[in-house]
Amino acid sequence: MKLFAVIGWGIRNKSASPAMHNASFRRKGFDAYYMAFDVPKGSLGCFTDLARFNLAGFNVTIPHKEEVLKYLDGAAADARAIGAVNTVKVERNLLVGYNTDYLAVYRLAGAHMAGAEVLVLGAGGAARAAAYAAVKAGAARITLANRTRERAEALARELAQKLGVEARGAGLGEAVRADVIINATPVWDTPLVDLRGARAYVEFVYNPPETALLREAKRLGLAVVDGIDILVEQGAAAEEIWGLEPDRTTMRRAAAEFLARPPG
Ligand code: NAP
């Protein structure tokens with residue numbers, strides 16, 4: 001049996017990934033099992049040593065996506081450019097990192113971002129992946145708006161220097177015109193920006209599945225990619241990297257059922 005896992009902190013019994021991947025494995029008849037592990041910040045090296053000899057692959061979530069790069073034997077160019085890894089493949093005891101958060105945004109919203117003004121809310125790992133997807137899709141200009149303005153400005157400078165794109169940082173409250181708006185913060189209950197004038201909205205938050213901005217985007221008739229769409233696509237892309245054939249319909253149903261379960 002092949003073993004897979006997701007690592008993070010505070011995720012055991014909370015992450016939807018085990019339900020989603022195990023349902024996909026069962027549907028496809030793969031002899032594989034997926035678990036969730038809480039790994040403390042100082043113990044990443046212990047976990048990667050264990051993974052090297054026991055797992056076929058693993059996902060990485062908050063707070064380890066950037067730190068894990070130090071413990072890998074290699075990483076795809078995309079993951080290195082983003083500076084964050086959410087998927088690791090184990091092959092002959094070697095660990096290779098990938099970023100499928102970016103792939104999910106690129107695949108699901110790339111068509112809307114070509115030649116567009118893109119506004120990314122946030123400056124953390126998800127925002128890095130979203131901004132990189134916008135670059136890959138050929139966005140005309142990227143604005144990063146973050147609660148801590150300096151972080152947005154630093155990330156915009158990094159994108160401009162590394163990738164040669166037009167990017168700028170802003171504070172969260174500033175009015176910014178955009179064709180495509182991506183929420184890469186965990187904020188779900190407050191409409192952080194005015195969506196009028198945009199044509200597409202991408203939401204990273206999947207718990208709860210309906211956020212204030214997502215509701216507003218639907219009311220305004222924008223094209224919408226929701227947090228479960230991203231969750232399923234990043235997971236499907238991870239299964240492809242692990243050499244499996246993801247069943248997206250089964251994954252979506254399992255994730256939605258997991259998120260709808262009573263707490264506890
Ligand atoms: P992160 O690295 O911790 O970054 C969080 C970002 O959100 C930072 O820019 C932070 O601003 C901002 N933020 C946090 N709390 C805020 C608040 N109360 N008001 C305004 N801004 C706030 O986290 P991440 O990895 O980027 O993840 C962001 C969200 O995306 C999480 O909810 C995560 O679960 C979700 N996500 C979903 C998927 C999916 O598959 N659907 C994939 C990846 C991530 P400061 O810089 O000021 O702290």
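Author: Start with polar contacts. A polar contact is a pair of N or O atoms within 3.5 Å. Keep in mind that this model is predicted.

Reader: How far from an oxygen atom of the ligand is the polar backbone atom of A126?

Author: The distance is 2.8 Å.

Reader: Which side chain has a polar atom 3.0 Å from an oxygen atom of the ligand?

Author: That side chain belongs to R147. Look at G227 too: a backbone N or O atom there lies 3.0 Å from a nitrogen atom of the ligand. As for cover, the ligand has 940 Å² of accessible area on its own, and the protein covers 77% of that.

Reader: Now the shell. Which residues around the ligand come nearest?

Author: Count a residue as near if one of its heavy atoms lies within 4 Å. There are 23 residues around the ligand, and A126, N146, T148, R151 and F204 come nearest. By class, the shell holds eleven nonpolar, eight polar and four charged residues.

Reader: Which element gives the largest share of that shell?

Author: α8 does, with four residues. Both α5 (125–137) and α8 (227–241) supply at least two residues each.

Reader: How do I find empty space?

Author: Rolling a probe the size of a water molecule over the atoms shows where empty space is left. A pocket is an open set of points; in a cavity the probe fits but cannot get out.

Reader: What takes the space of the largest pocket?

Author: The ligand does. The volume of this pocket is about 1,500 Å³. Its lining has 48 residues, with T61, I62, K65, A126 and P186 nearest the centre. Sorted by class, the lining has 23 nonpolar, 16 polar and nine charged residues.

Reader: Which elements each supply at least two residues of that lining?

Author: β3 (57–60), α5 and α8 do. The largest share is four residues, from α8.

Reader: And cavities: how many are of 30 Å³ or more?

Author: One. The volume of the largest cavity is about 40 Å³. A81, I82, R128, A131, Y132, L155, E158 and L159 line it. The elements giving two or more residues to this lining are α3 (77–82), α5 and α6 (149–163).

Reader: How does the lining of the largest cavity divide by class?

Author: Six residues are nonpolar and two are charged, with no polar ones.

Methods. Residues numbered from 1 in each chain as written. Predicted model: local features only at pLDDT ≥ 70, side-chain atom pairs only at ≥ 80, totals over all residues. Heavy atoms only, no water. Polar contact = N/O pair within 3.5 Å; in protein donor to acceptor, adjacent residues only side chain to side chain. Areas by Shrake-Rupley, 256 points an atom, 1.4 Å probe, with all protein chains shown as cover. 1 Å grid on protein atoms, 1.4 Å probe; cavity = no way out; pocket = protein on both sides within 12 Å on 5 of 7 lines; lining within 4 Å. Sits in = over half its atoms within 2 Å of the grid points. Nonpolar A, V, L, I, M, F, W, Y, C, P; charged D, E, K, R; others polar. Points joined across faces, edges and corners; volume = space filled by probe spheres on them.
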